[in-house]
Amino acid sequence: MKKLTLFFLLIPFFTYAQWTNRYPKVDGFGHHVYFEGFEMPIMTSGPTDLAVSPDGKTIVFAAKGWLWSFDLTSGIATQLTNTAGMDSRPDYSADGRYLAFVRDDSEDTEIVLLDLENGGERVLIDEPAVDLDPAFSQNGQYVYYSSAVDGDLDIWRMEVASGEKKKLISSMHQERRPQPFPNSEEILYINKKRWGSADAIEYQDLGAATPRAYTLDSDWIVAQTNFDLGVDGQTVAYTWPQGDGYELRLKSMRGPNTYIVLTGSEGMPLSPVLSPDLAWVYFTEATPSESTVLKRISTKGGLVEILPVKSWNYKEKYGQVIIRTHFKGDPSSVAARLNVLDQNGHPLLPEAGAVRSEGQNGRIFFYSPGVLALTAPAGEVSISAVQGIVTPEVTQRVKVEAGTTVTVDIELDRLWDAKAAGWYSGDHHFHLNYGGPLLLDPEDLYPDMEGEDLDVAIPLLANLHNRFLQQDLWGWEKDQNGRMVRFGQEIRSHFLGHMELIGTSDLFWPWVWGPGYQVYGGDDRPNGEALEFAHQNGGLGGYVHPVSVQKPFAPGNSRGIPRAFVADAVLGLVDHLEVACLWSDELGTARLWHRLLNLGIPIAASAGTDVMTDYYRTMAVGTTRVYVRMEDGMPFTFENYLKRFRQGHSFVTNGPLLDFRLESKQPGEVVDKVDKAKWSLEMASSKAVETIEILVNGEVAWKSDGLAKAGNKRFSGEIDLPEGGWVAVMAYGGEVSWPLMDSYLFAHTSPVWIGEVGSTDPAAEKKAAGELLRVLDEKEGLIEMGYQDTPVPKIKAHFEKARKALEARQ
């Protein structure tokens, strides 16, 4: 029972106030960030998801969202499918006549059968659930596949003629990529485990009296691992994580405890398949321009050979569309985020640059530097463009003629020129590479930053379970066209709460500890050690994606607060709190932040997307952000930016833009105590905003409807001021669509302090201390349960010190 209790204590706690999933929910995931990032198909302009024909002369691959037949002799790719959906993961029948593949309509997947002789299609499997990875039996009688129709991904088999389905392998985990052995009832598959277990490639003999799983290879979080079983039923080619990349391995089922490395770990080999004669392993890999190329290597080893596509033979006639974006009243081209669809609703992609699919609105997007040419089928093309979160979406339609080029001029309406007003935007929390199909360089961030009008990007180095990724990038920094990239560090003391260190001169070690982690699982180490390290090394320390519920102080809801946060914050160790983040709840986090402000603790409000930029399925960097105001005449440097951020001259947002003045004082400043204070608010938003509030010590002093539609609006009035405390503005609510990507609109200014920074109202301070003390007591009880018999006197002493500090304020 102790182990079961610990298991549930270690599960991250989520609620549906944050983004959860676009596709049908799969059990075992609070949200689908990792499921959709690791398990679902991807789309690029180049080849992915390979299937070799039985005669070895042709490779079918996915590219541009369709299936293509690639002739290995001529190098010509011929289009096989042409619908609005995204087609991927093909598998040949043994006679070469049929393909089974996955079709994705951006909300669900189905498995389709394509007759290569006549081009006819038939939907084989269309459950109200995610269906993936079809594979034919050798005799063509069955299609094996994985489906989440019963909650999590299990291995199923369908008889093609009758449609009869049978579940073959099921557990509490996610079973994917079934590969039946020839002439036997054995199956090879990937088993993605839940918290506390390693992922594995496994095989089972379903014909055995008591089938059991045997492990071919295993490791923690094998995100992009894939494999292929040769026609001999013995040879296995597979990709496996090693260091910061992946390597391509070859293994024999006759000796499953050893393997040969065909390619090293300097890249990201994907989608390996063996040729029918077992002479070659074909695979794909991302290019420096974030497309993909087809490669092969001999099973005996040697040099990798690139197999370029010399010509694309489309089903339809094509032309070209040139897209130019600029601001209203200024003809100069500006970078933009684009979503482009053909007349069937299928996304059109550039030949270079990362392509991504965001799960909030289901849009495929990429970035243009200002002028971009796309190949497009004859017919109507729809082009949607935005820049960051400050321009309403503009959509234009144009008719493309075969063999011709048409130019489209798109005018964007920038609702607020932040830099002209002295404000600079930052995303303080995302990850450059974190187990996705790309392997990005820091320079790859600049097209995203230009298209999102983001001034400061702070990608965080972090562990992917037992791998400490890309330490060589620590200290990398660059300023380009007034935009800055600096690396920070995410400390994943998972049990106690995740922290962010920014601006530090060195990395903190260890990166992980506490229950659930190897080696350091029993460390008696308060999170405060990492936060103090940040201060000692010239940086800032704070908590990220902290609160997962909207009302964290309601009975039973405090589980959504990180276990060590209250103790660290009360003791003055927390510099900032990530109030706005895609994967946590902004209103709930704000309510926690308000309690600390009511104690007179001036914690800065931070913001970050926590996106993984190497994923195909991910939101855009900067879609939650913090705006920091530079002092008049102060140069925009990273040091000055952090200084002003820490002082609270800022607001956080995922859409609404707030310029608040209280007696002419702005956030981070101090207003003299007066009975009635005049205030003004300039508000802009690219989408309608439901509610706007002025908060005095966390209580609503004034409330109004926000914006009925995109645009700008001015508010003003007077409020009563207490003897001490703070005043801030919060805006929230409204339907989310482009250019936004969070679950609801939200913005919050940092406080204007009354009298002096850190002043308090006695009643508000006493109430906050009591509420935080209750949370502290609950968290200490969980600490004892989590560490069980492991003594942790330092952590307990830390909590006791915080308790005394809170009791003194009651």
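**Notebook: looking through a predicted chain**

I began with the charges, and found that the mean positions of the 75 positive and 110 negative charges of the chain are 2 Å apart. For this I counted Lys and Arg as positive and Asp and Glu as negative, leaving out His and the chain ends, and I took the place of a charge as NZ of Lys, CZ of Arg, CG of Asp or CD of Glu.

I noted that this is a predicted model, in which local features need pLDDT of at least 70 and side-chain atom pairs count only at pLDDT 80 or more, while totals for chains, interfaces and linings use all residues. Residues are numbered from 1 along each chain as its sequence is written, and side-chain values use heavy atoms, with hydrogens and water left out.

**The whole chain**

I looked up the secondary structure and found nine helices and 55 strands; these are DSSP runs numbered from the N terminus, helices being H or I with at least four residues and strands E with at least two. The C-alpha trace spans about 85 × 70 × 45 Å along its principal axes. The radius of gyration is 28 Å, which agrees with the value near 28 Å for a compact globule of 810 residues; it is taken over C-alpha atoms, and the globule rule is 2.2 Å times the number of residues to the power 0.38.

I then read that 63% of the 810 residues count as buried, where buried means under 20% relative accessible area, exposed over 50%, and partly exposed in between, with a 1.4 Å probe and protein chains only. The accessible surface comes to about 29000 Å², of which 47% belongs to carbon and sulfur atoms; such areas come from the Shrake-Rupley method with a 1.4 Å probe, and for residues only the protein chains shown count as cover. For contacts, meaning heavy atoms within 4.5 Å, I found that 61% of those between residues at least 6 apart in sequence join residues at least 24 apart.

I looked at Gln-224, which sits in the loop between β16 (214-219) and β17 (227-229), and which counts as buried because its relative accessibility is 11%. Beyond its neighbours within four places in sequence, the contacts of Gln-224 include Gly-37, Phe-38, Tyr-246, Met-268 and Gly-435.

Next came Val-752 in strand β55 (residues 752-754), a residue that is buried, with a relative accessible area of 0%. Its C-alpha atom is separated by 6.3 Å from that of Ala-728, 24 residues apart along the chain. Leaving aside neighbours within four places in sequence, Val-752 is in contact with residues including Phe-660, Leu-662, Pro-667, Trp-726 and Val-727.

Is Ile-76 buried or partly exposed? I found that Ile-76, in strand β4 (residues 76-79), is partly exposed, since its relative accessible area is 35%. Not counting residues up to four places away in sequence, Ile-76 touches Ser-69, Phe-70, Asp-71, Ser-311 and Asn-313.

I checked helix α6 (residues 586-598), whose 13 residues should span 18 Å at 1.5 Å a residue, and whose end C-alpha atoms are 18 Å apart, which agrees; the expected span is 1.5 Å times one less than the number of residues. Helix α6 is mostly covered, with 12 of its 13 residues buried, among them Trp-593, His-594 and Arg-595.

In helix α4 (residues 528-536) I found Gly-528, Ala-530, Leu-531, Phe-533 and Ala-534 buried, and the buried residues of α4 pack against β40 (488-493), β41 (497-502), β42 (540-543) and α5 (565-570). Just after α4, Gly-538 takes a positive phi of about 75°.

**Backbone exceptions**

Most residues other than glycine have a negative phi, and most peptide bonds are trans. I therefore wrote down the exceptions that I looked up. The peptide bond from Trp-509 to Pro-510 is cis, with omega near -5°, and Pro-510 is in the loop between β41 and α4. The bond from Trp-738 to Pro-739 is also cis, with omega near 10°, and Pro-739 lies in the loop between β53 (725-732) and β54 (746-749).

Arg-177 in strand β13 (residues 174-180) has a positive phi, near 55°, and at 14% relative accessibility it counts as buried. Asp-610 also has a positive phi, near 60°; Asp-610 is in the loop between β44 (604-608) and β45 (625-629), and counts as buried at 6% relative accessibility.
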